[in-house]
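Below is a short report on the packing in one protein model. The sequence and structure come before the text.

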Amino acid sequence: MLTNKKLVLVFLFFLYCTVIEIEADGKPRRYLLYDCNPGEGFNLRRDVFIRIANLVRQLRENKKCQSHDWVLVLPPWGRIGYHWKEKNLEQSRIPWSKFFEVKSLNKFVPIMEYEDYIEEIGEAAINEVWYLQRYAEGWNSGKWEEKIHERDCIDPQSYFMDNDKKLRGWFWGYDETYAKDFKCVSVQGMSGVLVDPLCGGNTTARSVFLDRAEHVLHDVFGGVNYWKSRRSMVFSKSLQQIAANFRKSSLDSYDAKDKTKLPDDWTEHNCDDRTAFGGPYIAAHVRRKDFLHSRKQYVPTLKKIAETLKAKMSEYNVNKVFIASDGTEKEMKELKTMLPEMVMFVPTKTQKKKYKMGGIAIIDQIVCSHARYFMGTKESTFSFRIQEEREIMCFDKDKTFNRICADDEAADCEQPTQWKIVWRNDRELWE
């Protein structure tokens, strides 16, 4: 039987091993956490990941910061406004592994899930919360400049101090989580503007949480590190398999035949030629809901959608069109009467419960990305993410960057900007 003294020694040994694990390379580990405005959608949040992952990359590469081992803590998915509203479906505290291959993300910068962070530090606590905000005076100098300052909070805060002097907030639905300190930070600039403040200029905290992280911009949008972090976002194998089974059974689509097979390791993939062919179907993202009001000048009628897609099926000699849409059941039934060749992915109750609305959206995106030809919705991040997938898969740009013109637009209406993938360095952006 262990005596109290032996128990203390066992505990100290366990604590020592934990410290050794956290400082295995001789550097104390520091953690960067982040979140977005609750109103931001799933695909915009994926874009914010790219910005913050590149911030962590810079923290790890900057000589001023190399005394610490910076790690990115992934924010659990949830609370995504109207995008994920679904009755009787719990959609918070969702780990990234539900949607993405975490080992692939780790090949760009070291990352960990939030629950692993809790386990590693031994408590559900964050040292500092930085609430990012605009400058109250706005941008009125007429000259763009990057800047960052601690300021009074502009917006009312949902954070509050409990009776134990612990700062409480939503924190991804983890009620036990608390923070020790809080400040509002006005920021204007690229994500790199945060490097110096985080490297000891304004804090030496072990963990820093950037709330409203969408306020910082990409350092080089579309540059090589943008694409490296984007390519690291490989969809989970289980979602890929569901999409592959659907493509096989409903669309006669196979990776080998379609020339869309990618290596398991994204770092080993390159596109020297535009070799992807795609399955024997075309695909379209038909955005409805809020776009019917906020961007109505760009949204075609269902009749126009059917007419355009029929013409494209004839042009590409295929007899099926896959539709991804947030439209109502009534709208999709109406579209089906005008477009009988239309196919949609309808998840089972089990799939919807297991993979949530985010997983179902990813399956739609995978199927769209494998099509012979794709048409998206103007200014939709859902469409933009599909276009990125097709760039990664080496599709011809003319078969990727397309949209259906609205009824009142010219037949040759403006098409999406062709953001080509960059493989080796930023100079490729201008070649």
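## Packing of helix α11

In this predicted model, the buried residues of α11 pack against α9 (291–294), α10 (302–315), β11 (321–325) and β12 (342–343). Helices (H or I, at least four residues) and strands (E, at least two) are DSSP runs, numbered from the N terminus. Helix α11 spans residues 329–338, and its residues E331, M332 and L335 are buried, that is, under 20% relative accessible area, with exposed meaning over 50% and partly exposed in between (1.4 Å probe, protein chains only).

## Nonpolar cores

A nonpolar core is a set of buried Ala, Val, Leu, Ile, Met, Phe, Trp, Tyr and Cys residues joined through side-chain atoms within 4.5 Å. The largest one has 76 residues, of which L32, F49, F100, L210 and F322 touch the most other members. Helix α2 (residues 42–61) supplies the largest share of this core, 10 residues. A second, separate core of 21 residues includes V71, Y117, W172 and Y174.

Beyond its neighbours within four places in sequence, F322 has contacts (heavy atoms within 4.5 Å) that include F246, Y281, V343 and F345.

## Confidence and conventions

The chain averages a pLDDT (the predictor's confidence in each residue, from 0 to 100) of 91, and 91% of the residues score at least 70. Over residues 6–21 pLDDT stays under 50, and the model has 3 contacts beyond four places in sequence for them.

Residues are numbered from 1 along each chain as its sequence is written, and side-chain values use heavy atoms, leaving out hydrogens and water. Local features need pLDDT of at least 70 and side-chain atom pairs count only at pLDDT 80 or more, while totals for chains, interfaces and linings use all residues.
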